Amino acid sequence: MITALYPGSFDPITNGHLDIATRASKLFDRTVIGVFATPSKHLTFTIDERVAMAKEATKNLPKVEVIPYTSITVEFALEIKATVLVRGLRMVGDFEWEFEMAMMNQLLAPGLETICFMASQEYQFLSASLIKEVAGLGGRAKLSKFIPPVVYEALKKKGLTKK
Ligand code: ADP
């Protein structure tokens with residue numbers, strides 16, 4: 001039984017993240033979306049909000065679970081018995097950082113393999129931060145290509161969508 005951990009801040013979860021989780025769930029017995037509670041960046045959503053959105057967005061993916069964590073990623077991976085770390089690679093910008101992290105994680109937890117999925121074409125330029133920037137400009141129909149309905153509702157509640 002192979003458990004894969006897909007870690008990130010998911011602030012908020014986007015269709016790009018969901019694409020990676022869905023594809024991972026076809027390869028592994030269990031894919032855990034690990035929502036890191038305290039990343040060193042400015043957050044829009046609380047840990048409970050990020051977890052709730054990710055759970056709602058993945059409720060139709062039976063092999064995907066959502067679990068928050070506060071420890072370092074490799075420790076959490078060991079805790080849930082994950083042997084694979086899943087990451088997504090967009091064409092521009094992700095490679096160096098992902099490579100650095102994979103190397104560090106390899107030193108910290110030999111045997112835990114990082115597997116990167118190439119982002120799908122339609123999500124190459126999609127990021128959680130860009131969504132937060134454009135939400136104020138686009139309506140529900142436009143944004144639905146990039147975020148699940150639960151995220152649109154959450155952005156709306158925070159007053160971050162088009163009035
Ligand atoms: P982090 O805080 O680690 O940057 P994110 O939630 O932003 O967490 O991203 C988690 C992972 O998902 C990273 O590997 C990131 O490269 C990947 N990712 C983010 N957006 C996309 C996307 N549009 N398509 C594919 N992978 C993505």
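Which residues is Leu155 in contact with, once its neighbours within four places in sequence are left aside? I put this to the model, which is a predicted one, and found Phe45, Ile131, Lys132, Ala135, Ile147, Leu160 and Thr161 as the partners of Leu155.

**Entry on the cores.** I then looked up the largest nonpolar core, which has 31 residues, and noted that Leu155 is among those touching the most other members, together with Tyr6, Ile13, Phe28, Ile33, Val86 and Ile147. Two or more residues of this core come from each of the strands β1 (3-8), β2 (30-36), β3 (64-69) and β4 (84-89), and likewise from the helices α1 (15-27), α2 (47-57) and α7 (149-157). As a general remark, nonpolar side chains tend to be buried together in soluble globular proteins.

**Entry on the fold as a whole.** I listed seven helices and five strands in the protein chain, and reading from the N terminus I wrote their order as β-α-β-α-β-α-β-α-β-α-α-α. The radius of gyration is 15 Å, close to the 15 Å that the globule rule gives for 163 residues, so the protein chain is as compact as a globular protein of that length. For the C-alpha trace I noted spans of about 50 × 30 × 30 Å along the principal axes. Of the contacts with a separation of 6 or more, 77% are made by residues 24 or more positions apart, and 47% of the 163 residues count as buried.

**Entry on surface and charge.** I took down an accessible surface of about 9200 Å² for the protein chain, with 60% of this belonging to carbon and sulfur atoms. The chain has 20 positive and 17 negative charges, and their mean positions lie 9 Å apart.

**Entry on Leu126.** I found Leu126 in the loop between β5 (113-118) and α5 (128-134), where its relative accessibility is 9%, and because buried means under 20%, I class Leu126 as buried. From Leu126 to Ile115 I noted 20 Å, C-alpha to C-alpha, for a sequence separation of 11 residues.

**Entry on Asp94.** Is Asp94 buried or exposed? Asp94, which lies in helix α4 (residues 94-108), has a relative accessible area of 10% and is therefore buried, the cut-off being under 20%. Not counting residues up to four places away in sequence, I found that Asp94 touches Gly88 and Leu89.

Methods. Residues numbered from 1 in each chain as written. Predicted model: local features only at pLDDT ≥ 70, side-chain atom pairs only at ≥ 80, totals over all residues. Heavy atoms only, no water. Core = buried A, V, L, I, M, F, W, Y, C linked by side-chain atoms within 4.5 Å. Buried < 20%, exposed > 50% of the residue type's maximum accessible area, 1.4 Å probe, protein only. Helix = DSSP H or I, 4+ residues; strand = E, 2+ residues; numbered from the N terminus. Contact = heavy atoms within 4.5 Å. Rg over C-alpha atoms; globule rule 2.2 N^0.38 Å. Areas by Shrake-Rupley, 256 points an atom, 1.4 Å probe, with all protein chains shown as cover. Lys, Arg positive; Asp, Glu negative; His and termini not counted. Charge placed at Lys NZ, Arg CZ, Asp CG, Glu CD.
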